[in-house]
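Here is a short report for a first look at this structure. Look over the sequence and the 3D view, then read on.

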Amino acid sequence: MTMKLSTDPSAATLLPIAKKEGIATVWDRHRAMQPQCGFGQLGVCCRICWKGPCRIDPFGDGPQRGICGADADTIVARNVIRMIAAGAAGHSEHGRHVALALQGVAEGRLPAYQIRDEAKLRAVAAKLGICTEGQDVPAIAAAVAKATLEDFQNQDHDAPCNWIEATLTKKRLERLQALHVLPHNIDAVITQIMGRTLVGCDADPVNLILGGIKGALADFDGMCLATELSDALFGSPTPVVTAANLGVIKPDAVNIAVHGHNPLLSEVVCEVAGQMDEEARKAGAKDGINIVGICCTGNEVMVRHGIPLAANYLSQELALVTGAVDAMVVDVQCIMPSVSEIGACFHTAVITTMAENKIPGATHVDFKEEAALESARRIVATAIEAYKRRDPRRVNIPDVKQTAIVGFGVESVVGALATLNAADPLQPLIENIANGNIRGIALFAGCNSTQVAQDSSFVTMAKKLAANNVLMLATGCGAGSFAKHGLMTQEATLEYAGESLKGVMTAIGTSAGLNGPLPLVLHMGSCVDNSRAVQVAVAVADKLGVDLDQLPLVASAPEAMSEKAVAIGTWSVALGIPTHLGTMPQVTGSAKVTELLTQTAKDLLGGYFLVELDPNLAADKLLEVIEERRKGLGI
Ligand code: SF4
Ligand code: FE2
């Protein structure tokens, strides 16, 4: 294989070390897996029952139906909506955890947590239509938790989930309602997908995909509530200067990497680490305890507390290869099972924390919100013990680190705009879109994949869109890519933004007290925080009296791989947003499903999938879409 594996400079340092030490990484396993199964890539392999597996011959010579009679359209549609169900389950389970924590705080049962952002809690209550007059904070928190948990319990099929109803434009809700795809209950919708895709159930690809869209909108609901309630509990992000890439690991500190997606534990680990710093120093770590982030747990603590980000998805193993991570604490999602084996090659304690997410070979410290402080102390103590076993001769921390200005939640974006127009904060943004200084807005989301040289598609696309005056937002591992490659800096704005975009970013940044422009790409948080970008878009659409599918707004997941990305991409389409995928979705074995997602969706929803593997061409195509939307608005 001649393809470059990663464009992250720390990989260039650490991959040869891994090789020398005989440590296999994700890229070695990718190579060993070639050639990958063509039937799987097309989505035409079915393993739904034990008469199978069945696979449809894409060339038309062999079987065109599975043993039960399912054809390629049915099989592909079933497979892809099961992926959506899995993604929605992951996000909404995360959301449920946060909602239950809020309920626990309201009832005074969780001493480790508090409402750190009362204003946000009140804003959320108002949004959900909860009367807060004369109510104290615990009562408001209880009411918000109750309304949120209804989204997991409501049995009235005609009553949409509370959060989605409170979040979208009226026109969008009507359009989705007319298609019968508004979810009424997150759990029920996920269960329906599993039920209808059993052998011998729904075989109509259009009906299946509509069920998948409903599941994706349930995913959106779960993400909205996870983000907003996390802000209420842990604080809404505000701009903060921090750093990214493996150079943030310190040679003379007890390094604890927090990895996964759920902020409930990592928040407490950060707090407890401060209290136990002296113990680390006593153990010989003259720089005390250094918390670093990986993947979206990393993004959560980065945007809220300025904790540096060590790695995004594909670099998680390399963090261990530095030989200087004393504990890797993992919660849920995107954790490679290989980390325990690599940790064992060093002194690293890999610690799982969730009862339903364990890894053979890892240490398990069961995390319960009721005993969060105790669990966090155990974890930090385990890290300090591991530090004592660290072999300094095997430490290789790449000298690779970029500054990153992060922490652009809805409130901080609106806050920055308010410094230009306090009475009407969105006006400067709308004006600059209307006059063409900003051509459009792109939300970069999604993962890293071994199908793409790590980070390369994100960076290539962002530079091109920036030069063409597109304002960019990012979440998840996309945000990690930009942070690691120095695109979340003021210097990047000065270097890569087109003249008119640079002018706007400088005006906003200067007026907001940043002494210069906003960073080129605005870090909005973890992958559940994609809902933040939607909130900004909805506010703009409402102000203009249009719907989301009229805005010059696009989304892109250039290195997508997770089932969560399938769910996110699908709700993005359902909300009316043209959505680019830079990796091949496993649906092309069905012409019908491919057409539904890339063409018919445009008529039904306004949004659609746009697949383009070449990042340069992808950027061109998104620019065309943006111009088409501008034309539609007459601007
Ligand atoms: Fe084959 Fe049908 Fe069973 Fe799928 S559900 S494995 S197509 S028999
Ligand atoms: Fe993520």
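## Around ligand 1

Ala, Val, Leu, Ile, Met, Phe, Trp, Tyr, Cys and Pro count as nonpolar; Asp, Glu, Lys and Arg count as charged; the others, Gly among them, count as polar. By that scheme, the shell around ligand 1 holds eight nonpolar, two polar and two charged residues. Among them are Cys46, Cys49, Cys54, Cys68, Lys51 and Arg78. A residue belongs here if one of its heavy atoms lies within 4 Å of the ligand.

## Basis of the model

This is a predicted model: local features need pLDDT of at least 70, side-chain atom pairs count only at pLDDT 80 or more, and totals for chains, interfaces and linings use all residues. Residues are numbered from 1 along each chain as its sequence is written, chains are lettered from A and ligands numbered from 1 in the order written, and side-chain values use heavy atoms, leaving out hydrogens and water.

## The iron site

His261 (NE2), Cys296 (SG) and Cys527 (SG) coordinate the iron ion (ligand 2) at 2.1 to 2.3 Å. Donors are N, O and S atoms within 2.8 Å of the metal (3.2 Å for Na, K and Ca); water is not among the atoms, so sites may look incomplete. The cysteine pair links distant parts of the chain, 231 residues apart. Cys296 sits in helix 13, and Cys527 in the loop between strand 13 and helix 23. Both Cys296 and Cys527 are buried (under 20% relative accessible area, 1.4 Å probe, protein chains only).

## The whole protein

The protein has 26 helices and 16 strands (DSSP runs: H or I of at least four residues, E of at least two). Buried residues make up 61% of the 635 residues.

Key:
Buried < 20%, exposed > 50% of the residue type's maximum accessible area, 1.4 Å probe, protein only.
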